[in-house]
Amino acid sequence: MPGPADGLWSIGELAERAGATVKTVRFYSDRGLLPETARSAGGHRRYGSGALDRLGLIRALRALDLPLPEVRRVLEDEAGDGGAGAVLEDAVAARLGRLGEQMAALRWREAGLRLVQDCPPRERAGRLRLIAAVAAPPSTDALARFWRAWLPPRMPAPATAAFLEHAVPQPPADPAPAQVLAFARLHALVTGPCPAARPCQPAVHGADARSRAAVLYAGLAEAYGLAAEPLRNGRAPYAGAALDCFVAAYAAAYGTVFRRRLRDRLAADPRFDRYWELVAEVAGPRDGRPAATPGTAHDWLLAALDADVERAA
C-alpha cells in the first residue's frame with residue numbers, strides 16, 4: 001500500500017489504512033504505544049509509514065487479549081532486535097495458561113449447571129448449595145488438609161507428599177456432571193466434622209508410631225500398587241505378593257506381626273469407605289473398568305488377609 005506523499009499520515013489516514021477508528025489510534029497513541037512522528041502546523045498528529053505495521057501488531061496482540069503492559073513489553077522487544085522474540089513467546093504462553101484455567105472453570109460450571117438442571121425440582125436447591133461450595137475449577141486444598149490432619153503427627157514431609165499424591169484425586173479437566181457431583185460430595189465430606197461415634201485416628205497412628213510412619217506408608221504404597229492390577233481385573237482377593245507386601249509393611253514398622261492379630265487390629269480402625277467411593281467416581285472408569293484407589297486396594301488386601309487367616313485356621 002503506497003504511503004503518503006510527504007511520508008507522513010494524519011491520524012485519520014492511518015486509521016483508514018489500518019481499518020481502525022480514529023478513537024482507537026488516539027487511544028494507543030496517548031498511551032505511548034504508537035508514537036507520533038511529528039505534528040502539523042495546526043498541532044495535528046502525523047505518523048510515519050512504520051506506524052501502520054506497529055498498529056497492526058498492537059491490534060493483533062490485543063486480539064489475543066494481552067493486557068496493555070504485556071503489549072508494551074512485546075513492542076519494546078520487537079523494536080530492540082527487529083522481531084518480537086522471547087517476550088512475545090512468554091506472553092503468549094502465559095495467556096494460553098490463563099485461557100486454559102478459564103476454559104476449565106467454564107467446563108466445571110457447565111457440568112454443575114447440568115447437574116442442577118437434570119435433578120428433580122425438589123432437590124435442586126440442595127444440589128445447588130452443594131456444588132456452589134466448591135470453586136470452579138476446584139481446589140484440592142481441603143482434601144490435602146483432611147489427610148494432613150489424619151496422618152501421624154510429624155510424619156516426614158517426603159512420605160506425606162507421596163501419600164497425598166495417591167490419596168488426593170486431581171479434578172478432571174473436562175468433567176462429566178457425575179464427576180462434579182462426586183467432587184462436591186467429597187469436599188463436603190472432608191470439611192465436615194469427624195463423627196463423634198468413633199475415633200478419627202487409627203491405632204497405628206499412636207504416639208509410639210510417629211517415627212515409623214514413613215516406613216509403614218512407603219510399604220503400603222507398594223502393596224497398593226501390587227493389588228491394583230488384580231483389583232482392576234475383577235479378581236477375588238487372594239494370598240500372594242500384594243498381601244505379603246501389605247503384611248511386611250506393618251511388620252517393618254512395628255516389628256513381628258501375626259496375621260490374625262493384624263486383621264483384628266485393622267478391622268477396628270476408622271474406615272473411609274465413602275471417601276474412596278467418591279474418589280473412584282471423580283477419577284472415572286479407565287478402559288471401562290473402575291479406578292483402583294488406595295482405599296479399594298486396602299479393602300481388597302484386608303479381604304485377602306481375612307481369607308488367608310481363615311484358611312490357615
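Begin with the lining of the largest pocket: by class it has 17 nonpolar, four polar and three charged residues. Here Ala, Val, Leu, Ile, Met, Phe, Trp, Tyr, Cys and Pro count as nonpolar, Asp, Glu, Lys and Arg as charged, and the others, Gly among them, as polar. This is a predicted model: local features need pLDDT of at least 70, side-chain atom pairs count only at pLDDT 80 or more, and totals for chains, interfaces and linings use all residues. Residues are numbered from 1 along each chain as its sequence is written, and side-chain values use heavy atoms, with hydrogens and water left out.

Select Glu165, His166, Ala292, Thr293 and Pro294. Of the 24 lining residues, these lie nearest the centre of the largest pocket. A pocket is an open set of points on a 1 Å grid over the protein atoms alone, where a 1.4 Å probe fits, with protein on both sides within 12 Å along at least five of seven lines; lining residues have an atom within 4 Å of a point. The space in this pocket is about 550 Å³, a volume being what is filled by probe spheres set on the points, which are joined across faces, edges and corners.

Which helix gives the most to this lining? Helix 10 does, with seven residues. Helices (H or I, at least four residues) and strands (E, at least two) are DSSP runs, numbered from the N terminus.

Next, select helix 13. Its buried residues (under 20% relative accessible area, 1.4 Å probe, protein chains only; exposed is over 50%, partly exposed in between) are Tyr275, Trp276, Leu278, Val279, Ala280 and Val282. Their cover includes helix 7, helix 8, helix 9 (177-191) and helix 14. Step past the helix to Gly284: phi is positive there, near 80°.

Jump to Arg45, in strand 3 (residues 45-48). Is Arg45 buried or exposed? Arg45 is buried, at a relative accessible area of 16%. Show polar contacts (pairs of N or O atoms within 3.5 Å; within protein, one must be able to donate a hydrogen and the other to accept it, and residues adjacent in sequence count only if both atoms are side-chain atoms). The Arg45 side chain makes one with the side chain of Asp30 (2.8 Å) and one with that of Ser29 (2.9 Å).

Go to Asp65, in the loop between helix 3 (50-63) and helix 4 (68-81). Phi is near 70°, positive in a residue other than glycine. Asp65 is partly exposed, at 45% relative accessible area.

Finish at Pro137, in the loop between helix 6 (121-132) and helix 7 (141-150). The peptide bond from Ala136 to Pro137 is cis, with omega near -10°.

Terms used. Contact means heavy atoms within 4.5 Å.
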